[in-house]
Amino acid sequence: FINVFGEEVIVENADKALDTACKATGAVILEYTAGPVFMNTVSKGSHEWIIEFAKEPSDINQFIEILDNALMSVNSDYEAKRYKDLNLVKPIVWSVPKGTFNIWLKSKNKFGGQNKVPRLSNTREYIEDLYIIAGIGSV
């Protein structure tokens, strides 16, 4: 789950919202993880998603908009935090090359059938590890 801002997003919410965004944009997801972007003196909080697509969405901005709206529709706590961008702003989504999550799992000695990608986290640990592997974002 992610509950840094009182939004209480659980994996079931994330899976439903991602499914909605994929169906609307033609995207297919192989792996994903998401974590918080913490508030600071110049920006509000958000969620940051790193997604490995088998098929990229036709329009990533449309994908983000649909993902955000779908999260609001399945989770009233998320919706309340997103209301007029009061506590949370629209999510950030990074598309990473195929194989990124396998490389990351191998780097953690977690590769194999019994190991799964952590979907949601209250920390930025997974996000920042994946930044390095995929060469995106900023640590």
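## Strand pairing in the sheet

Ile29 stands opposite Phe53 of strand E2. E1 (28–37) and E2 (46–55) run antiparallel and are joined by 9 bridges; strands (E, at least two residues) and helices (H or I, at least four) are DSSP runs numbered from the N terminus, and two strands pair if DSSP finds at least two bridges between them.

The model is predicted, so local features need pLDDT of at least 70 and side-chain atom pairs count only at pLDDT 80 or more, while totals for chains, interfaces and linings use all residues. Residues are numbered from 1 along each chain as its sequence is written, and side-chain values use heavy atoms, with hydrogens and water left out.

The open sheet has 3 strands in the order E1-E2-E3, with mixed pairing. Because E1 and E3 are edge strands with a single partner each, one side of each has no neighbour in the sheet. From one strand to the next, the twist averages 20°.

## Helix H2

H2 (residues 60–74) contains 15 residues and spans 21 Å from first to last C-alpha, close to the expected 21 Å (1.5 Å times one less than the number of residues). At its start, a side-chain oxygen of Asp59 comes to within 2.9 Å of the backbone nitrogen of Asn61.

The buried residues of H2 include Phe63, Ile64, Leu67 and Leu71, where buried means under 20% relative accessible area with a 1.4 Å probe, protein chains only. The buried residues of H2 pack against H1, E1, E2, H3 and E3 (contact: heavy atoms within 4.5 Å).

Technical notes:
Buried < 20%, exposed > 50% of the residue type's maximum accessible area, 1.4 Å probe, protein only. Polar contact = N/O pair within 3.5 Å; in protein donor to acceptor, adjacent residues only side chain to side chain. Axes fitted to C-alpha atoms, helices over the stretch in contact; angles between N-to-C directions.
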